[in-house]
Amino acid sequence: MERQAWPRLRVADWQETRDTLHMWTQIVGKIRLAHAPLVNHWWQVTLYVSPRGLTTSTVPYGTGAFDIEFDFVDHRLRMRTSDGGVRGFGLQPMPVAEFHARTMGLLDELGVSTRIQGHPNEVEPAIPFAEDDRHAAYDAGAAHLFWRQLLQASRVLGEFRSRFAGKVSPVHFFWGSMDLACTRFSGRDAPEHPGGAPNCGDWVMVEAYSQELSSCGFWPGGGEEGAFYAYAYPEPDGFAGQRVGPSAAFYSRENGQFLLPYEAVRTAPDPDGDLLEFLQSTYEAAAGPGRWDRAALESDPARWAHRTHRPL
């Protein structure tokens, strides 16, 4: 496997590629949005970390299905349909406008008729995809390293997710904000979210935050090499003042969330342990003051360990 499981990738070294890739993932995510039925909190629109990159997973179309994957190993966009159709093209420096035209054209060739909203969300300015010649960078090495960051983050977030028996999201990639996230829910309704994300209807945030939650994830910003984050909605009294670990973690009043620089995890003697400490302690910072029913919601993922060594 990887010699350096937690790779180094300075945001400043790949920002142009990051911003271009952000727009590309928005286009592919909107394709999934156009065909997948609504699932609470918009879970049907996300991408997922795969063994080679980011994928839509299976998307329904008529009586069949298709998928789209960013392959950051061979650097290709791949499309497959359930009737045997395969299309794709190489990922290389190209304007968003070209990526958009090529992607939509190949969908037409595959017989997957699709119309998407023609501009990005949650960014400013929101340049229409068909007109965006500003974002055109693609550093293959940086894209590969970013995928490896996501691979490690997804692995540990998945372990953290296994500790919760209540309603909890998959570990998934939100293309609007370009972050990998996992969200736990208390089971109670939340006050209506005020919205405010750029170029995104307030009603979108009302659906996303319709229930009380504690969310965590990884974002390729907020630190020299990105940052892990954790926040609560609604934020309970005393949340920001709770003691969390490890020592590099802090509450950012500017962002309204706890942050842990990726580089602090990467350089730690036990990266997995430090990240799990951050995820667990920030969850407790929300669940304690928020009076979650922790006894009913939490679970021991090793509860059948004494049995799993035997054949089922």
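This is a dialogue on reading several features of a predicted model.

Trainee: What should I know about numbering and cut-offs before I start?

Mentor: Residues are numbered from 1 along each chain as its sequence is written, and because this is a predicted model, local features need pLDDT of at least 70 and side-chain atom pairs count only at pLDDT 80 or more, whereas totals for chains, interfaces and linings use all residues. Side-chain values use heavy atoms, with hydrogens and water left out.

Trainee: Which residues touch the most other members of the largest nonpolar core?

Mentor: A nonpolar core is a set of buried Ala, Val, Leu, Ile, Met, Phe, Trp, Tyr and Cys residues joined through side-chain atoms within 4.5 Å; buried means under 20% relative accessible area, exposed over 50%, and partly exposed in between, with a 1.4 Å probe and protein chains only. Here the largest such core has 92 residues, and Phe70, Phe99 and Phe228 touch the most other members. Helix 3 (residues 140-161) gives the most to this core, with nine residues; helices (H or I, at least four residues) and strands (E, at least two) are DSSP runs, numbered from the N terminus.

Trainee: What does Phe228 touch?

Mentor: Contact means heavy atoms within 4.5 Å. Leaving aside residues up to four places away in sequence, Phe228 touches a set of residues including Trp6, Ala153, Gly217, Phe258 and Phe278.

Trainee: How many bridges join strand 9 to strand 8, and how many join strand 9 to strand 10?

Mentor: Two strands pair if DSSP finds at least two bridges between them. Strand 8 and strand 9 run antiparallel and are joined by seven bridges, with Arg184 having Ser214 in strand 9 as its bridge partner. Strand 9 also pairs with strand 10 in the antiparallel sense, over seven bridges, and there Gly217 stands opposite Tyr229 in strand 10. Of the nine residues of strand 9 (residues 211-219), seven are buried.

Trainee: Which backbone angles deserve a second look?

Mentor: Most residues other than glycine have a negative phi, and most peptide bonds are trans. In this model, a cis peptide bond joins Tyr233 and Pro234, with omega about -10°, and another joins Gly245 and Pro246, with omega about -5°. Pro234 lies in the loop between strand 10 (227-233) and strand 11 (250-252), and Pro246 is found in the loop between strand 10 and strand 11.

Trainee: Is His41, with its positive phi, buried or exposed?

Mentor: His41 has phi near 65° and counts as buried, because its relative accessibility is 4%. Asn199, with a positive phi of about 50°, is partly exposed, with a relative accessible area of 32%.
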